[in-house]
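Trainee: I would like to learn how to read a structure like this one, feature by feature. Could we go through it together, with the general idea before each case?

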Amino acid sequence: MKKVLYKNHFQTPIGEMLSISDHESLYLLEFVERKNLKKKMDNLGADLKEQPTFVSRLVEEEVQEYFLGKRREFDLPLVFQGTVFQKKIWLELEQIPFGQTKTYKEIAQKIDNPNASIAVGAANASNHFAIVIPCHRLKSSSGQLSGYAAGIWRKQWLLHFEEEVACGE
C-alpha cells in the first residue's frame, strides 16, 4: 500500500505554490507552473490527496512571512529525497545568505570539487523545496541568470526582492 501525502495550494505575490506533506514533514514545495512538476510529484511514490495539514499551514505561514520581508530562513521539517551529492549541494545552498548569490562554480569549489559546476546545476534543479532551499540564489559564473524551472522571471523577482529587503535595513 502506498503512503498517503497531502497537497495544499496557496497564492504568493509571484504565483500559486503547491506543498506536499504528511502530518509531520514537508516533501515538496514548488510553484505550480514549474517544469516537470508532475514528474517530481510522481517520484514521491505516494497517493496524493487534496487536504491541508498542520505542516502545510506552517509552510504557507512561513512562505507568506518571507514575502512580507519578515523571514529569511525557514524552520520547516523537510524530508530530503536525493543522492548524497544532491543533499550536500542543498546544504550548501542553505548557507547562501539572504540577499546574496553564489555561482555554480563557487559551490563546486566549496565542496572541493572545482570541476563539478554542471553537477551542481543538476543537483540544484532537483531541489524539492523552492524558496526554502534557495536554489534561486545561484548564478552562472558570467553573472547571467539561468536554470530556474519555475521561470527566470521568478528567479529575477526573488533576487531583486531579497536585495531590496536586505538593503532596507
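This is a predicted model: local features need pLDDT of at least 70, side-chain atom pairs count only at pLDDT 80 or more; totals for chains, interfaces and linings use all residues.

Trainee: Where in the chain do Lys-40 and Glu-30 lie, and are they buried or exposed?

Mentor: The pair links distant parts of the chain, with Lys-40 in helix α1 (residues 37–43) and Glu-30 in strand β3, ten residues apart. Both Lys-40 and Glu-30 are buried, and the cut-off for that word is a relative accessible area under 20%.

Trainee: How many salt bridges does a search of the whole structure find?

Mentor: The search finds ten. Among them is the one between Lys-7 and Glu-50, whose closest N and O atoms are 3.8 Å apart. This pair also links distant parts of the chain, since Lys-7 belongs to strand β1 and Glu-50 to strand β4, 43 residues apart. Glu-50 counts as partly exposed, because its relative accessibility is 49%. Elsewhere, Glu-62, Glu-65, Arg-71 and Asp-75 are linked in a network of salt bridges.

Trainee: How should I read a salt bridge that stays within one helix?

Mentor: The general idea is that an α-helix has 3.6 residues a turn, so residues three or four places apart point the same way. Here, Lys-38 forms a salt bridge with Asp-42, the closest N and O atoms being 3.1 Å apart. Because Lys-38 and Asp-42 are four residues apart in helix α1, about one helical turn separates them. Lys-38 is exposed, with a relative accessible area of 59%, while Asp-42, at 47% relative accessibility, counts as partly exposed.

Trainee: In what order do the strands of the open sheet stand?

Mentor: In general, strands of a sheet pair through backbone hydrogen bonds, either parallel or antiparallel. In this model, an open sheet of four strands has the order β3-β2-β1-β4, and its pairing is mixed. β3 (26–31) and β4 (46–50) stand at the edges with a single partner strand each, so one side of each is left without a neighbour in the sheet. On average, neighbouring strands of this sheet are turned by 25 degrees against each other, direction ignored.

Trainee: In which sense do β1 and β2 pair, and which helix lies across β1, β2 and β3?

Mentor: Strand β1 (residues 3–12) and strand β2 (residues 15–21) pair in the antiparallel sense over seven bridges, and the bridge partner of Thr-12 in β2 is Gly-15. The helix lying across β1, β2 and β3 is α2 (residues 54–67), which runs at about 25 degrees to β1.

Trainee: Which residues of helix α5 are buried, and what do they pack against?

Mentor: In helix α5 (residues 117–125), the buried residues are Val-120, Ala-123 and Asn-124. Seen down the axis of α5, they fall within an arc of 100 degrees, so they line one face of the helix. These buried residues pack against α3 (84–94), α4 (104–110) and β6 (138–139).

Trainee: How far is Lys-87 from Ala-123 in space?

Mentor: Lys-87, which has its place in helix α3, is 8.1 Å from Ala-123, C-alpha to C-alpha, although they are 36 residues apart in sequence. Leaving aside residues up to four places away in sequence, Lys-87 touches Phe-80 and Gly-82. At 34% relative accessibility, Lys-87 counts as partly exposed.

Notes
Residues are numbered from 1 along each chain as its sequence is written. Side-chain values use heavy atoms; hydrogens and water are left out. Two strands pair if DSSP finds at least two bridges between them. Helices (H or I, at least four residues) and strands (E, at least two) are DSSP runs, numbered from the N terminus. Axes are lines fitted to C-alpha atoms, for helices over the stretch in contact, and angles run from 0 to 180 degrees between N-to-C directions. Contact means heavy atoms within 4.5 Å. Buried means under 20% relative accessible area, exposed over 50%, partly exposed in between (1.4 Å probe, protein chains only). The arc is that of the directions from the helix axis to the C-beta atoms. A salt bridge is a side-chain nitrogen of Lys or Arg within 4 Å of a carboxyl oxygen of Asp or Glu.
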